[in-house]
Each structure stands twice: as structure tokens, then as C-alpha cells.
Amino acid sequence: MIQHETLNLLEWPRLCQHLSTFAATKVGTLAAQSLVTPDSQAASLGLLAETQEAAWLEDHNNGLNFGGIRDIGAAVERAHRQGLLGGEELLAIATTLNGTRQLRRTIDAQPPEDLPVLQGLVEELRTHPDLEQQIYHCIDDRGDVTDRASPKLGALRDRLKATRQDIQQRLQRILQRQNGAMQELLITQRGDRFVLPVKAPQKDAVPGIVHDASASGATLYIEPQAVVELGNRLRQLLRQEKTEEEIILRQLSEAVAAVYDDLSHLLAVVTALDLAHARARYSLWLDANPPRFIAPHEQTTLRQLRHPLLVWQQRHEQGPEVVPTNLLIRPELRVVAITGPNTGGKTVTLKTLGLAAMMARAGLYVPAREPVELPWFEQVLADIGDEQSIEQSLSTFSGHIRRIGRILEALGAEESGAQESGVRSQESEGRESALPTTPSPPHPSNTLVLLDEVGAGTDPTEGTALAIALLKHLANRARLTMATTHYGELKALKYEDSRFENASVEFDEATLSPTYRLMWGIPGRSNALAIARRLGLDAAVVDEATALMAIGSQDDVNHVIAGLEAQRRQQEGRSQDAADLLAATEKLHAEVQRRADLLRDREQDLKLQQQAAVQQAIAEAKRDIAQVIRRLQQGEPTAQAAQRATAAVDAIAQTHLPTALPPAKPGYRPGVGDRVRIPSLGQTAEVLTAPDSDHRITVRFGLMKTTVSLADIESLRGEKAEVPVKSKPVDTVPAAQAAPPAPALRTSRNTINLRGMRVAEAESVLEEAIAKGSGALWIIHGHGTGKLRLGVHDYLKRHPQIQRFEPAAQADGGTGVTVAYL
């Protein structure tokens with residue numbers, strides 16, 4: 001009961017409602033609205049792994065497509081109980097099978113190392129394409145049984161069509177003969193009988209059966225005697241048609257019931273996939289980060305933690321900006337007492353921590369800055385808000401006490417198992433000593449307890465004593481307790497027990513308003529008088545209260561706390577200055593890196609331009625040499641002609657060969673303190689260390705220190721350092737592209753005919769052909785309305801095994817045939 005109360009107090013159902021808006025299917029939406037947290041840390045880690053892989057798909061593959069998937073649970077269950085399914089229910093089962101197959105194909109197409117959990121989830125999935133094809137064969141897009149479902153049904157509908165046409169023809173002849181007796185020249189129906197609207201005074205002109213009359217009585221709807229027999233025959237055919245349709249629906253329902261276990265497993269897998277998809281999308285929307293569950297000796301780290309419901313309110317309901325909080329809790333701490341003014345954010349801090357623990361346990365990311373590190377809590381128990389009730393005769397204090405009693409009962413139930421195992425261990429050792437032993441304190445359970453205004457609602461002295469005793473009790477029995485209070489005595493527990501810590505919400509005395517920031521290590525003041533003054537209470541009353549406060553010793557404590565808060569703000573200001581300096585340094589480093597990347601890209605472009613120029617020069621030289629050779633071949637070969645050809649080739653070489661670069665000045669060796677230039681960075685730097693064995697030195701420019709190679713520096717006069725250079729392979733002209741493969745040949749094995757099929761049937765045939773085929777596949781779909789061709793092309797675009805596809809040559813059918821390359 002207290003677990004359910006805690007979820008409501010933390011507004012967990014509201015968070016689940018927000019999560020459900022990110023689901024893609026009805027089953028996923030319903031599962032998200034009643035999200036259940038797992039009972040073990042291993043299960044939570046499994047859910048987090050699913051969320052991380054779904055988030056990877058969102059970033060790299062635009063997520064998962066759940067198109068066509070319906071909530072078929074009730075239909076499958078009714079079929080299992082030998083119920084009769086309707087056409088729309090069977091069609092929903094077929095589309096769900098097809099949509100699930102597409103989901104599995106999308107997941108299986110990714111690298112196994114990126115999606116091991118999701119691929120394992122769909123590994124045993126069976127989508128029964130034979131059942132899907134059977135349903136599509138018998139049920140059309142509107143959920144009606146098709147004529148081709150059985151030969152008998154087709155024959156019955158042909159007879160029905162002929163009978164209706166016969167009735168229409170006979171009635172048309174009667175309309176033409178007796179048009180003066182008709183109220184309107186039309187044929188209508190009453191029930192399943194065809195009738196004519198006849199004027200009441202002239203009913204004898206059209207003998208037959210009166211099935212209806214108008215409201216005024218001026219028109220009678222008469223079935224002429226000439227078509228009564230045909231109408232009776234039509235009714236019999238309709239009954240036979242309905243019977244045959246029920247037989248077909250019964251056969252399909254039995255086929256669904258035969259794979260009940262597979263369909264139930266399929267629905268569970270689809271629900272799990274949609275939940276993972278919703279958790280990932282919601283987490284990314286929150287700008288949240290994946291949590292890590294820590295060991296008992298590690299610190300809880302939740303920086304810039306935001307309340308997820310306040311984030312939703314800010315983005316969807318134009319709420320105020322969310323102020324994040326920092327929770328850094330040392331492993332030895334068991335109780336944190338939060339003090340400070342009313343409306344300062346103490347209760348919001350409790351709820352934010354409780355929701356963060358529940359979100360991590362449910363496989364959701366936590367809206368905090370990385371790293372997100374917190375324990376895995378078996379229980380989250382809370383007493384937040386006022387449980388005052390006139391109907392139940394509960395005051396504020398009694399309501400709190402009853403709820404705290406339920407919290408202690410839940411803690412005792414969790415400890416009972418461990419205590420029983422300890423008793424059995426002691427009994428097995430025997431009673432060797434008759435001396436009494438002091439029981440050791442119980443080991444704290446893995447529970448988070450959240451208490452709001454602990455001990456409030458009664459006499460302050462008794463309330464303080466009760467709060468101190470309760471917090472000490474919880475320090476022995478719970479992993480972490482966080483409580484808000486206004487009692488000053490609770491602030492002193494930190495100095496008596498190292499397991500206690502103080503925290504406070506900040507109050508801006510200049511504006512007389514809270515800042516909603518949490519400060520650690522410093523107890524807070526309630527600032528009740530300042531808040532009363534800000535809210536407009538009579539100044540005389542506030543001044544009198546201030547004077548009374550000055551009489552007691554509490555004023556000295558408040559001055560001490562105020563001094564501590566001022567020191568804390570000063571330290572935070574210095575920390576912020578250091579953070580700003582670090583940010584500026586990182587910005588400078590990013591700018592330097594950007595310039596280095598630009599220089600590197602420019603160098604690469606120049607290199608490519610040089611390679612292109614060399615290739616062009618070689619091509620021109622080859623053309624010039626070819627001209628010299630042709631002139632030699634055309635004329636009579638003589639020694640003078642050979643000399644002239646040699647001279648021409650030498651001239652070509654002088655024209656096209658690049659000139660050698662002047663060698664760099666060798667022998668320069670930088671020393672510590674020298675100023676050198678780094679051309680790749682465009683910077684002048686100071687040498688800090690001598691060259692090491694790898695010929696690298698450390699330099700400094702501005703605030704940056706970096707290590708560079710001797711080959712990357714030069715003196716201010718342009719002298720290059722002497723460094724042993726490894727021989728590099730000579731750049732060669734890229735080889736020509738390989739010749740295209742030989743064209744594929746069309747045979748009866750790599751040709752499939754889809755004409756006359758619907759898109760869903762064609763996809764099943766294509767899937768089988770692609771699985772068996774290789775090379776090219778000729779797909780005959782014809783022209784028609786073009787719907788089948790578009791459906792085939794859309795399927796080929798989405799299939800991971802299809803490299804490309806194009807219309808066939810005109811001799812092979814042109815646009816009525818598509819060639820797909822696997």
C-alpha cells in the first residue's frame with residue numbers, strides 16, 4: 001500500500017502519461033501508462049540496455065517504424081477460446097504480422113555489436129508469412145471476405161449478381177409501363193426486398209406486397225408480384241453466402257488459434273520494443289543521460305538534476321524556467337536534513353530525487369548532466385504533503401504518523417528475510433556460551449526514504465524529539481533518508497553523527513525571494529519574517545516579531561548561518577570564475593584546432609591540385625611525343641630527323657617536368673627558451689623541453705602547452721630542424737577504375753510474375769525470391785493502375801538486400817518490368 005501511495009505522491013502516474021505520448025502503438029501506450037518497475041537490478045540494467053540501443057537507432061536510423069501493428073491481444077485470446085473472428089480483426093492480425101516482420105528486418109540489418117539486446121529480443125520471433133498470406137487471400141482491405149476465398153462462395157456471389165440484375169430488369173420494365181402510377185421513377189429497397197414507390201390511390205395498378213409507407217401515407221413501397229419469387233430466391237442466396245463466409249472465417253480463426261503461443265510472444269516482443277522506443281524518445285526529449293548504478297562505497301552524483309514534470313510544464317504549458325539542483329552524496333551518509341524558507345524548493349528536491357531513482361529503475365534516462373551515478377533502490381518510500389482528512393478524522397500530525405508507520409512496516413518486512421537467515425546461522429553454531437550478547441545494529445536496507453516536514457503538526461518540542469528519534473532509527477535501517485524540516489535542533493545532528501549532513505535552499509535577501517538552489521554543508525534559515533514582509537504582512541507586526549527574535553539566542557545562530565552562507569556564495573563565485581576561465585581556454589583550444597583543421601584541409605586540396613596538374617602534364621606530354629613519333633613515321637628516318645626528335649622530347653620534358661624545390665637549410669636544433677614558428681598552426685611558440693628520443697619537443701603559446709615534432713617547427717629565420725626522415729612511397733597516378741561486371745542474364749529462375757496480386761501478397765513472394773536469389777531479379781508487375789508497381793518499388797527501397805533497381809530494357813517489358821540487383 002505504501003508503495004502505491006509513494007508513486008502517487010511523487011506523481012509517477014503523470015510521468016507515465018507523458019511517457020505514453022512517445023509510444024507508437026496502442027499496446028505500447030497502454031503499457032507505458034501503467035509502467036511497472038522491475039524487482040531486480042539486473043532487470044533494470046536490461047531495460048537500460050534496450051533504451052540505449054533504441055536511442056542509437058533514433059540517432060542512426062531514424063528510429064523504428066511500427067506501421068501496421070495493431071492491438072490484437074483480445075482477438076487472439078478469443079480465437080484461442082474457439083471464438084469466431086471478424087474480417088477486420090483478421091486483417092489487423094495480418095498487418096501486425098507484416099509490420100513486425102519489417103521491425104525485425106530493420107533491427108537485424110544493423111551491426112550486431114550495436115544492437116545485441118534488441119537483436120536477441122527478436123531472434124525467436126515468428127511472423128508466420130503463410131498465415132498472413134492466407135488472410136490476405138481471403139479478406140480484402142475493408143475486412144470483407146473476398147470472392148476468391150472459396151469456389152463455392154464465388155459461385156454463390158455470381159448467382160446473387162445475376163438474380164439482382166434480373167430483378168432490376170423486371171422492375172425497370174414495370175416502371176416504364178406504369179410510370180403514371182409511380183411517385184418517383186426509381187427502384188429502392190426495404191430490408192433485403194426491392195420495391196417501387198407507388199402513389200397510394202393507384203396501388204391496384206401495381207399488384208404486389210406492400211412493405212412500407214411514407215409518413216404522409218401518400219406513397220406505398222410495393223414489391224411487384226412479378227419479382228416476389230426472385231426476391232425469395234435472393235434471400236436464400238444471401239443466407240447461403242453468410243453461411244459460407246462464416247465457414248471461411250472459422251477456418252481462419254482456427255489457423256490463428258493454432259499459433260496462439262507464437263502470436264502471444266510476438267505481441268509481448270512488440271510491446272517491449274515500443275516501450276524501449278518510447279523510453280528512448282522521452283529520454284532524448286528530456287536531454288537526459290543514462291544512469292550508472294553504483295556500489296555502496298561510491299558517491300551519488302546527480303549534477304544539474306531537473307524535475308521531469310517541470311520540464312514538461314515549461315515546454316508544453318509555457319511554465320517558468322526549471323532551476324536544476326546538484327546532489328552529491330558521499331557513500332557514508334545516511335540522512336540529509338534540508339532546511340530553508342517555505343516555497344524555497346525543499347519538497348521539489350525530494351520529489352526530483354525520488355523520480356530520478358524510479359526512472360533509473362524503470363530503464364529511463366535521468367535528466368541530469370553526465371555522469372549520472374546513483375544506487376539501485378529496492379524501495380522508494382515517501383511521506384510528502386498533508387494527509388489531513390475530515391471524513392477519516394485525521395489531523396495533519398496523525399496523517400503523517402500513520403504514513404510513517406506504514407514506511408517503517410515496509411522497512412521491517414524487507415529486513416525480516418535477512419534477520420531470519422542470521423538467526424538460522426547463529427543456531428547452527430550452537431550455544432557454546434551462556435553469556436548474553438549485544439545485538440549488532442541491523443544492516444541498512446537498500447531503500448530511499450523521503451520525508452517532508454518531519455515532526456510537524458504538533459508541539460515543537462515533542463515534534464523535534466520525535467523527528468530526531470525517527471531520523472536516527474532510519475539511519476540504521478535505510479540506505480538513504482532525505483528529510484525537510486524547520487526544526488533547528490535537527491541541524492546539529494551533523495556534528496554528533498558522521499552519517500548526517502545538512503543542506504539548505506538559498507534565499508536572496510536582496511529580493512526577499514528564494515533562488516531554488518540547494519547548498520550543501522550549511523543549515524538554512526526559515527526566513528519566515530522576511531517572507532511575511534514580502535507577502536505584505538503589516539510592518540508593525542513584523543517589526544515586533546523581529547524584536548522578540550533578538551531577545552533569544554536564536555539570533556546569534558542566524559548570524560552564524562548568514563556568515564556561512566556569505567562564505568559559500570563567495571566560494572561559488574570563485575568557482576564560477578575558474579569555470580569561466582576553463583571555458584575560455586577550451587574555446588581557445590577549439591579555435592586553434594579549427595585553424596589547424598583548415599590548414600590541413602588546404603594542404604590536402606593543394607596536394608590534389610598538384611596531382612591533377614601532374615596528370616594533365618603527363619597527358620599533354622604523351623600527346624606531344626605521339627606527334628613527334630608520327631612525324632618520324634611519316635618522313636624518311638635519318639640521323640638528323642632522330643636528333644630533331646630527341647631535341648623535341650627534351651623540350652617537352654623541360655616544359656612539363658616540375659622544377660626541383662630548393663633544399664631547406666639543415667642543421668638547426670632548437671634549445672630550451674628559443675622562439676620557434678609552427679607553420680601548421682600559424683603560431684609562434686616558446687620551447688620548454690629539449691627534443692626527446694622521438695624527436696618531439698614541448699612548446700607553449702599563450703595559455704596552451706602542446707607537444708610537436710621537430711619536423712613541424714622552424715626557426716624565426718626559416719631554418720628547418722634536422723630530423724631523420726623515413727622514406728615515403730612516391731605518389732603515383734591513381735589506377736583506372738575496374739571494368740564493370742558482365743551484364744546479368746534473364747532466365748526463368750530469376751524472373752517472377754506478380755500480375756494480379758495485391759501489394760501485400762507481392763511482398764511475401766518478393767521476400768521468398770530475394771532470399772533464394774542472387775545477382776539480378778526480373779519482377780513482372782505490368783502497368784495497370786500503377787499501384788502494384790509503386791508498392792513493389794517502395795518495398796525494394798526499404799529492403800536491406802537490394803542494392804538498386806531500374807526499369808527493364810524495352811525488349812524485356814520496359815516499365816512493366818523492374819530489374820532489382822541484390
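Guide: A nonpolar core here is a set of buried Ala, Val, Leu, Ile, Met, Phe, Trp, Tyr and Cys residues joined through side-chain atoms within 4.5 Å. Buried means under 20% relative accessible area, with a 1.4 Å probe and protein chains only. The model is predicted: local features need pLDDT of at least 70, side-chain atom pairs count only at pLDDT 80 or more, and totals for chains, interfaces and linings use all residues. Residues are numbered from 1 along each chain as its sequence is written, and side-chain values use heavy atoms, leaving out hydrogens and water.

Visitor: How many residues has the largest nonpolar core?
Guide: The largest nonpolar core has 60 residues, and W12, L450 and M482 have the most contacts inside it. Helix α13 (residues 346-361) gives the most to this core, with 8 residues. Helices are DSSP runs of H or I with at least four residues, numbered from the N terminus.

Visitor: What is M482 in contact with?
Guide: Leaving aside neighbours within four places in sequence, the contacts of M482 (heavy atoms within 4.5 Å) include L327, I329, L353, L450 and W520.

Visitor: New topic. How many aromatic pairs are there?
Guide: The structure holds 4 aromatic pairs. Rings of Phe, Tyr and Trp (its six-membered ring) pair if their centres lie within 6.5 Å; planes under 30 degrees apart count as stacked, over 60 as edge-to-face and the rest as tilted.

Visitor: Why is the pair of F22 and Y282 tilted?
Guide: The planes of F22 and Y282 are at 45°, so the pair is tilted; the ring centres are 5.4 Å apart. F22 is in the loop between α2 (12-20) and α3 (26-33), and Y282 is in helix α11 (residues 260-285), 260 residues apart.

Visitor: Buried or exposed, Y282?
Guide: Y282 is buried, at a relative accessible area of 0%. Y282 also forms a stacked pair with W285, 6.3 Å centre to centre and 15° between the planes. Ring pairs link F22, Y282, W285 and W312 into a cluster.

Visitor: What sits over the ring of W285?
Guide: The charged end of R315 does, 4.7 Å from the ring centre. The rule is NZ of Lys or CZ of Arg within 6 Å of the ring centre and within 35 degrees of the ring normal.

Visitor: And R279, where is that?
Guide: R279 is in helix α11, and counts as buried at 2% relative accessibility. The R279 side chain makes a polar contact with the side chain of T51 at 2.8 Å. A polar contact is a pair of N or O atoms within 3.5 Å; within protein, one must be able to donate a hydrogen and the other to accept it, and residues adjacent in sequence count only if both atoms are side-chain atoms.

Notes
Helices (H or I, at least four residues) and strands (E, at least two) are DSSP runs, numbered from the N terminus. Buried means under 20% relative accessible area, exposed over 50%, partly exposed in between (1.4 Å probe, protein chains only).
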